[in-house]
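Hello,

Here is the structure I said I would pass on. Please open it first, then read the notes below beside it.

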Amino acid sequence: MTTVTDRDLRLLHDALGPLRDREQVAARLLESSAKHSFDPDKELDWDSPFEDGKWFWPPELVSLYDTPLWRKMSEDQRMELSRHESASLASLGIWFEIILMQLLVRHIYDKPVTSNHVRYALTEIADECRHSMMFARLIQKGGSPAYPVPRVYHNLARVLKTVSTTPGSFAATLLGEEILDWMQRLTFPDERVQTLVRGVTRIHVVEEARHVRYAREELRRQMVTAPRWEQEFTRISCGEAARVFSVCFINPQVYTNVGLDRREAVAQVRASGHRREVMQSGAKRLTDFLDDIGVLRGPGRRLWKRSGLLA
(Lines give C-alpha, C1' and ligand atoms only; values in the text may rest on other atoms or scores of the structure.)
Protein backbone atom coordinates (compact mmCIF):
# COMPACT_ATOMS: atom_id res chain seq x y z
CA MET A 1 0.00 0.00 0.00
CA THR A 2 1.29 3.47 -0.88
CA THR A 3 1.78 5.83 2.05
CA VAL A 4 0.71 9.41 1.42
CA THR A 5 2.95 11.85 3.26
CA ASP A 6 2.10 15.41 4.29
CA ARG A 7 4.53 16.59 1.61
CA ASP A 8 2.48 14.70 -0.97
CA LEU A 9 -0.73 16.18 0.46
CA ARG A 10 0.48 19.70 -0.23
CA LEU A 11 0.27 18.80 -3.89
CA LEU A 12 -3.29 17.50 -3.58
CA HIS A 13 -6.48 19.52 -3.89
CA ASP A 14 -10.19 19.06 -3.39
CA ALA A 15 -13.11 21.33 -4.28
CA LEU A 16 -12.06 23.71 -1.49
CA GLY A 17 -8.48 24.11 -2.68
CA PRO A 18 -5.11 22.71 -1.55
CA LEU A 19 -5.02 20.46 1.49
CA ARG A 20 -3.23 21.97 4.47
CA ASP A 21 -0.28 20.44 6.25
CA ARG A 22 -1.61 18.29 9.09
CA GLU A 23 1.13 19.24 11.55
CA GLN A 24 0.79 22.97 10.91
CA VAL A 25 -2.98 22.84 11.42
CA ALA A 26 -2.53 20.93 14.68
CA ALA A 27 0.15 23.36 15.90
CA ARG A 28 -2.21 26.32 15.39
CA LEU A 29 -5.02 24.49 17.19
CA LEU A 30 -2.73 23.66 20.10
CA GLU A 31 -1.76 27.32 20.37
CA SER A 32 -5.42 28.33 20.37
CA SER A 33 -6.20 25.70 23.01
CA ALA A 34 -3.52 27.12 25.27
CA LYS A 35 -5.09 30.58 25.03
CA HIS A 36 -8.80 29.78 24.99
CA SER A 37 -9.64 26.80 27.18
CA PHE A 38 -11.93 26.83 30.20
CA ASP A 39 -12.52 24.94 33.42
CA PRO A 40 -16.34 24.94 33.72
CA ASP A 41 -16.19 24.15 37.45
CA LYS A 42 -14.34 27.42 38.07
CA GLU A 43 -15.60 29.53 35.15
CA LEU A 44 -19.33 29.19 35.87
CA ASP A 45 -21.36 30.10 38.94
CA TRP A 46 -23.05 26.80 39.75
CA ASP A 47 -24.35 27.95 43.13
CA SER A 48 -26.61 30.80 41.99
CA PRO A 49 -30.29 29.92 41.61
CA PHE A 50 -31.95 30.00 38.22
CA GLU A 51 -33.65 33.30 37.35
CA ASP A 52 -37.43 33.57 37.32
CA GLY A 53 -39.01 34.21 33.94
CA LYS A 54 -36.03 33.10 31.86
CA TRP A 55 -35.84 30.33 29.31
CA PHE A 56 -33.51 27.34 29.32
CA TRP A 57 -33.34 27.42 25.51
CA PRO A 58 -34.39 30.15 23.07
CA PRO A 59 -38.13 29.67 22.42
CA GLU A 60 -37.65 29.73 18.64
CA LEU A 61 -35.40 26.66 19.00
CA VAL A 62 -37.86 24.68 21.13
CA SER A 63 -39.27 21.87 19.01
CA LEU A 64 -42.97 22.80 19.32
CA TYR A 65 -42.47 26.51 18.65
CA ASP A 66 -45.17 28.01 16.39
CA THR A 67 -47.26 24.81 16.28
CA PRO A 68 -50.98 24.69 17.18
CA LEU A 69 -50.04 22.91 20.42
CA TRP A 70 -47.52 25.64 21.28
CA ARG A 71 -50.20 28.29 20.87
CA LYS A 72 -52.40 26.44 23.39
CA MET A 73 -49.64 26.16 26.01
CA SER A 74 -49.21 28.66 28.83
CA GLU A 75 -45.98 30.63 29.02
CA ASP A 76 -44.95 28.67 32.11
CA GLN A 77 -45.51 25.37 30.29
CA ARG A 78 -43.46 26.60 27.33
CA MET A 79 -40.59 27.54 29.62
CA GLU A 80 -40.87 24.18 31.36
CA LEU A 81 -40.61 22.46 27.99
CA SER A 82 -37.48 24.50 27.24
CA ARG A 83 -35.96 23.21 30.50
CA HIS A 84 -36.60 19.61 29.56
CA GLU A 85 -35.44 20.07 25.97
CA SER A 86 -32.23 21.70 27.21
CA ALA A 87 -31.63 18.57 29.31
CA SER A 88 -32.48 16.34 26.35
CA LEU A 89 -29.96 18.15 24.15
CA ALA A 90 -27.31 18.03 26.87
CA SER A 91 -27.92 14.28 27.18
CA LEU A 92 -27.57 13.90 23.41
CA GLY A 93 -24.36 15.93 23.52
CA ILE A 94 -22.86 13.65 26.16
CA TRP A 95 -23.76 10.58 24.10
CA PHE A 96 -22.10 12.01 21.01
CA GLU A 97 -19.02 13.17 22.89
CA ILE A 98 -18.45 9.76 24.46
CA ILE A 99 -18.64 8.24 20.97
CA LEU A 100 -16.32 10.94 19.61
CA MET A 101 -13.70 10.31 22.30
CA GLN A 102 -13.62 6.64 21.37
CA LEU A 103 -13.28 7.46 17.67
CA LEU A 104 -10.43 9.88 18.34
CA VAL A 105 -8.54 7.31 20.39
CA ARG A 106 -8.93 4.81 17.54
CA HIS A 107 -7.75 7.43 15.04
CA ILE A 108 -4.46 8.12 16.84
CA TYR A 109 -3.76 4.56 17.99
CA ASP A 110 -1.08 3.88 15.36
CA LYS A 111 0.07 7.44 14.70
CA PRO A 112 3.33 9.02 15.96
CA VAL A 113 2.77 9.85 19.60
CA THR A 114 4.99 12.95 19.54
CA SER A 115 3.25 14.53 16.54
CA ASN A 116 1.22 17.72 16.86
CA HIS A 117 -1.69 15.87 15.28
CA VAL A 118 -1.80 13.31 18.11
CA ARG A 119 -1.15 15.96 20.77
CA TYR A 120 -4.13 17.94 19.54
CA ALA A 121 -6.36 14.84 19.44
CA LEU A 122 -5.49 14.21 23.09
CA THR A 123 -6.20 17.87 23.87
CA GLU A 124 -9.60 17.56 22.22
CA ILE A 125 -10.37 14.41 24.19
CA ALA A 126 -9.62 16.36 27.38
CA ASP A 127 -11.96 19.13 26.18
CA GLU A 128 -14.73 16.61 25.50
CA CYS A 129 -14.31 15.08 28.96
CA ARG A 130 -14.88 18.51 30.51
CA HIS A 131 -17.83 19.20 28.21
CA SER A 132 -19.53 15.92 29.12
CA MET A 133 -19.12 16.63 32.84
CA MET A 134 -20.36 20.20 32.31
CA PHE A 135 -23.49 19.02 30.48
CA ALA A 136 -24.17 16.40 33.16
CA ARG A 137 -23.85 19.01 35.88
CA LEU A 138 -26.24 21.33 34.00
CA ILE A 139 -28.84 18.54 33.77
CA GLN A 140 -28.51 17.85 37.48
CA LYS A 141 -28.68 21.55 38.37
CA GLY A 142 -31.81 21.99 36.24
CA GLY A 143 -33.67 19.30 38.12
CA SER A 144 -34.95 17.45 35.07
CA PRO A 145 -34.05 13.85 34.27
CA ALA A 146 -31.35 12.87 31.84
CA TYR A 147 -32.76 11.76 28.49
CA PRO A 148 -30.80 8.86 26.99
CA VAL A 149 -31.34 7.99 23.34
CA PRO A 150 -33.59 4.97 22.67
CA ARG A 151 -31.89 1.65 23.39
CA VAL A 152 -32.00 0.55 19.74
CA TYR A 153 -29.96 3.61 18.68
CA HIS A 154 -27.67 3.34 21.69
CA ASN A 155 -26.78 -0.18 20.55
CA LEU A 156 -26.66 0.79 16.87
CA ALA A 157 -24.00 3.35 17.80
CA ARG A 158 -21.90 0.52 19.22
CA VAL A 159 -21.87 -1.00 15.73
CA LEU A 160 -21.31 2.27 13.88
CA LYS A 161 -18.33 3.29 16.03
CA THR A 162 -16.85 -0.20 15.77
CA VAL A 163 -17.01 -0.47 11.98
CA SER A 164 -16.50 3.21 11.23
CA THR A 165 -13.62 4.09 8.94
CA THR A 166 -11.49 7.16 9.59
CA PRO A 167 -13.41 9.46 7.20
CA GLY A 168 -16.69 8.08 8.54
CA SER A 169 -15.58 8.91 12.06
CA PHE A 170 -14.84 12.53 11.23
CA ALA A 171 -18.04 12.92 9.20
CA ALA A 172 -20.03 11.68 12.21
CA THR A 173 -18.03 14.00 14.46
CA LEU A 174 -19.06 17.01 12.41
CA LEU A 175 -22.68 15.90 12.39
CA GLY A 176 -22.71 15.76 16.18
CA GLU A 177 -20.95 19.09 16.60
CA GLU A 178 -22.06 21.55 13.94
CA ILE A 179 -25.86 21.54 14.32
CA LEU A 180 -25.73 21.91 18.09
CA ASP A 181 -23.02 24.52 17.65
CA TRP A 182 -25.31 26.56 15.38
CA MET A 183 -28.04 26.50 18.02
CA GLN A 184 -25.63 27.38 20.81
CA ARG A 185 -24.31 30.36 18.87
CA LEU A 186 -27.86 31.71 18.98
CA THR A 187 -28.22 30.83 22.66
CA PHE A 188 -25.22 32.30 24.47
CA PRO A 189 -25.85 35.96 23.51
CA ASP A 190 -29.63 35.67 24.14
CA GLU A 191 -30.47 37.56 27.36
CA ARG A 192 -33.85 35.83 27.57
CA VAL A 193 -32.00 32.61 28.45
CA GLN A 194 -30.74 31.55 31.89
CA THR A 195 -27.27 32.92 32.67
CA LEU A 196 -25.85 29.48 33.48
CA VAL A 197 -27.15 27.97 30.24
CA ARG A 198 -25.61 30.87 28.31
CA GLY A 199 -22.29 30.30 30.08
CA VAL A 200 -22.30 26.60 29.26
CA THR A 201 -23.05 27.25 25.59
CA ARG A 202 -20.39 29.98 25.37
CA ILE A 203 -17.68 27.64 26.62
CA HIS A 204 -18.83 24.90 24.27
CA VAL A 205 -18.93 27.19 21.22
CA VAL A 206 -15.42 28.57 21.82
CA GLU A 207 -13.83 25.16 22.29
CA GLU A 208 -15.89 23.33 19.65
CA ALA A 209 -14.70 25.76 16.97
CA ARG A 210 -11.27 24.10 17.22
CA HIS A 211 -12.78 20.63 17.14
CA VAL A 212 -14.72 21.44 13.99
CA ARG A 213 -11.60 22.78 12.28
CA TYR A 214 -9.64 19.63 13.18
CA ALA A 215 -12.41 17.33 11.93
CA ARG A 216 -12.99 19.27 8.72
CA GLU A 217 -9.31 19.28 7.77
CA GLU A 218 -8.94 15.58 8.47
CA LEU A 219 -12.14 14.63 6.64
CA ARG A 220 -11.00 16.60 3.58
CA ARG A 221 -7.68 14.75 3.66
CA GLN A 222 -9.36 11.38 4.04
CA MET A 223 -11.87 11.92 1.22
CA VAL A 224 -8.96 12.67 -1.14
CA THR A 225 -6.67 9.84 -0.07
CA ALA A 226 -9.01 7.02 1.05
CA PRO A 227 -9.69 4.13 -1.35
CA ARG A 228 -12.93 4.32 -3.30
CA TRP A 229 -14.72 1.67 -1.21
CA GLU A 230 -13.99 3.65 1.94
CA GLN A 231 -15.32 6.85 0.41
CA GLU A 232 -18.54 5.07 -0.61
CA PHE A 233 -18.90 3.51 2.83
CA THR A 234 -18.42 6.94 4.40
CA ARG A 235 -21.23 8.40 2.30
CA ILE A 236 -23.66 5.70 3.42
CA SER A 237 -22.61 5.59 7.08
CA CYS A 238 -22.74 9.39 7.31
CA GLY A 239 -26.25 9.38 5.82
CA GLU A 240 -27.39 6.75 8.31
CA ALA A 241 -25.82 8.75 11.15
CA ALA A 242 -27.80 11.81 10.00
CA ARG A 243 -31.02 9.79 10.07
CA VAL A 244 -30.33 8.51 13.59
CA PHE A 245 -29.30 11.98 14.78
CA SER A 246 -32.55 13.54 13.57
CA VAL A 247 -34.64 10.81 15.24
CA CYS A 248 -32.78 11.15 18.56
CA PHE A 249 -32.46 14.93 18.60
CA ILE A 250 -35.24 15.49 21.15
CA ASN A 251 -36.40 12.63 23.35
CA PRO A 252 -40.25 12.48 23.09
CA GLN A 253 -40.45 11.81 26.82
CA VAL A 254 -40.00 15.56 27.31
CA TYR A 255 -43.57 16.11 26.09
CA THR A 256 -45.01 13.60 28.57
CA ASN A 257 -43.01 15.15 31.39
CA VAL A 258 -44.57 18.58 30.83
CA GLY A 259 -48.10 17.22 30.61
CA LEU A 260 -48.56 17.04 26.83
CA ASP A 261 -49.91 14.25 24.69
CA ARG A 262 -46.75 12.62 23.38
CA ARG A 263 -48.17 11.36 20.08
CA GLU A 264 -49.81 14.66 19.26
CA ALA A 265 -46.64 16.58 20.10
CA VAL A 266 -44.41 14.34 17.96
CA ALA A 267 -46.85 14.58 15.05
CA GLN A 268 -46.94 18.38 15.24
CA VAL A 269 -43.14 18.64 15.40
CA ARG A 270 -42.87 16.46 12.29
CA ALA A 271 -45.42 18.61 10.47
CA SER A 272 -43.89 21.92 11.57
CA GLY A 273 -42.44 24.01 8.76
CA HIS A 274 -40.67 26.18 11.33
CA ARG A 275 -38.98 23.17 12.92
CA ARG A 276 -37.90 21.84 9.54
CA GLU A 277 -36.42 25.23 8.67
CA VAL A 278 -34.56 25.39 12.01
CA MET A 279 -33.01 21.95 11.55
CA GLN A 280 -32.03 22.56 7.93
CA SER A 281 -30.61 25.99 8.78
CA GLY A 282 -28.57 24.42 11.56
CA ALA A 283 -27.24 21.77 9.20
CA LYS A 284 -26.67 23.98 6.14
CA ARG A 285 -23.08 24.98 6.82
CA LEU A 286 -22.25 21.31 7.35
CA THR A 287 -24.20 19.98 4.35
CA ASP A 288 -22.63 22.60 2.08
CA PHE A 289 -19.19 21.47 3.24
CA LEU A 290 -19.97 17.76 2.87
CA ASP A 291 -21.40 18.40 -0.58
CA ASP A 292 -18.25 20.27 -1.64
CA ILE A 293 -15.94 17.44 -0.61
CA GLY A 294 -18.03 14.69 -2.16
CA VAL A 295 -19.75 13.10 0.84
CA LEU A 296 -23.36 13.86 -0.15
CA ARG A 297 -23.67 11.53 -3.11
CA GLY A 298 -25.74 8.48 -4.06
CA PRO A 299 -27.66 6.55 -1.38
CA GLY A 300 -26.02 8.62 1.35
CA ARG A 301 -27.61 11.79 0.00
CA ARG A 302 -31.02 10.12 -0.01
CA LEU A 303 -30.53 9.19 3.65
CA TRP A 304 -29.68 12.82 4.44
CA LYS A 305 -32.91 13.91 2.76
CA ARG A 306 -34.88 11.32 4.74
CA SER A 307 -33.36 12.73 7.92
CA GLY A 308 -34.95 16.11 7.20
CA LEU A 309 -31.58 17.87 7.59
CA LEU A 310 -31.11 18.36 3.84
CA ALA A 311 -33.70 20.16 1.73
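The lining of the largest cavity is made up of 16 nonpolar residues, 5 polar ones and 1 charged one. Please keep in mind that this is a predicted model. The volume of this cavity is about 300 Å³, and 22 residues line it. Those nearest its centre are Phe96, Ile99, Leu160, Ala172 and Ala241.

Rolling a probe the size of a water molecule over the atoms shows where empty space is left. The count here is 6 cavities of 30 Å³ or more.

The second largest cavity has a volume of about 210 Å³. It is also lined by 22 residues, and Gly93, Phe135, Leu180, Gln184 and His204 are the closest to its centre. Two or more lining residues come from each of H5, H6, H8 and helix H9 (195–225). The largest share, 7 residues, belongs to H5. By class, this lining has 11 nonpolar, 7 polar and 4 charged residues.

Next, the core. Which residues have the most contacts inside the largest nonpolar core? They are Leu64, Phe249, Tyr255, Leu290 and Trp304, in a core of 87 residues. Helix H5 (residues 75–108) gives the most to this core, namely 15 residues.

Setting aside neighbours within four places in sequence, Trp304 is in contact with Leu175, Cys238, Gly239, Ala242, Leu286, Thr287, Leu290, Leu296, Leu309 and Leu310. One of these partners, Leu290, is also on the list of residues with the most contacts inside the core.

Leu89 lies in helix H5. Is Leu89 buried or exposed? Its relative accessibility is 5%, and buried means under 20%, so Leu89 counts as buried. With neighbours within four places in sequence left aside, Leu89 is in contact with Trp57, Leu180, Phe249 and Ile250. Leu89 and Phe56 are 33 residues apart in sequence, and their C-alpha atoms are 11 Å apart in space.

Thr201 lies in helix H9. Thr201 counts as buried because its relative accessibility is 2%. Not counting residues up to four places away in sequence, Thr201 touches Trp57, Gln184, Thr187 and Phe188.

Asp66 is found in the loop between helix H3 (40–43) and helix H4 (68–72). Asp66 is not a glycine, yet its phi is positive, about 65 degrees. With a relative accessible area of 43%, Asp66 is partly exposed, because that class falls between 20% and 50%.

Last, a check on helix length. Helix H6 covers residues 116–142, which is 27 residues. At 1.5 Å a residue H6 should span 39 Å, and its end C-alpha atoms are 39 Å apart, so the two values agree. After H6 comes Gly143, with a positive phi near 85 degrees.

Regards

Definitions and conventions
Residues are numbered from 1 along each chain as its sequence is written. This is a predicted model: local features need pLDDT of at least 70, side-chain atom pairs count only at pLDDT 80 or more; totals for chains, interfaces and linings use all residues. Side-chain values use heavy atoms; hydrogens and water are left out. Helices (H or I, at least four residues) and strands (E, at least two) are DSSP runs, numbered from the N terminus. The expected span of a helix is 1.5 Å times one less than its number of residues. A nonpolar core is a set of buried Ala, Val, Leu, Ile, Met, Phe, Trp, Tyr and Cys residues joined through side-chain atoms within 4.5 Å. Buried means under 20% relative accessible area, exposed over 50%, partly exposed in between (1.4 Å probe, protein chains only). Contact means heavy atoms within 4.5 Å. On a 1 Å grid over the protein atoms alone, a cavity is a set of points where a 1.4 Å probe fits but cannot get out, and a pocket is an open set with protein on both sides within 12 Å along at least five of seven lines; lining residues have an atom within 4 Å of a point. Grid points are joined across faces, edges and corners, and a volume is the space filled by probe spheres set on the points. Ala, Val, Leu, Ile, Met, Phe, Trp, Tyr, Cys and Pro count as nonpolar, Asp, Glu, Lys and Arg as charged, and the others, Gly among them, as polar.
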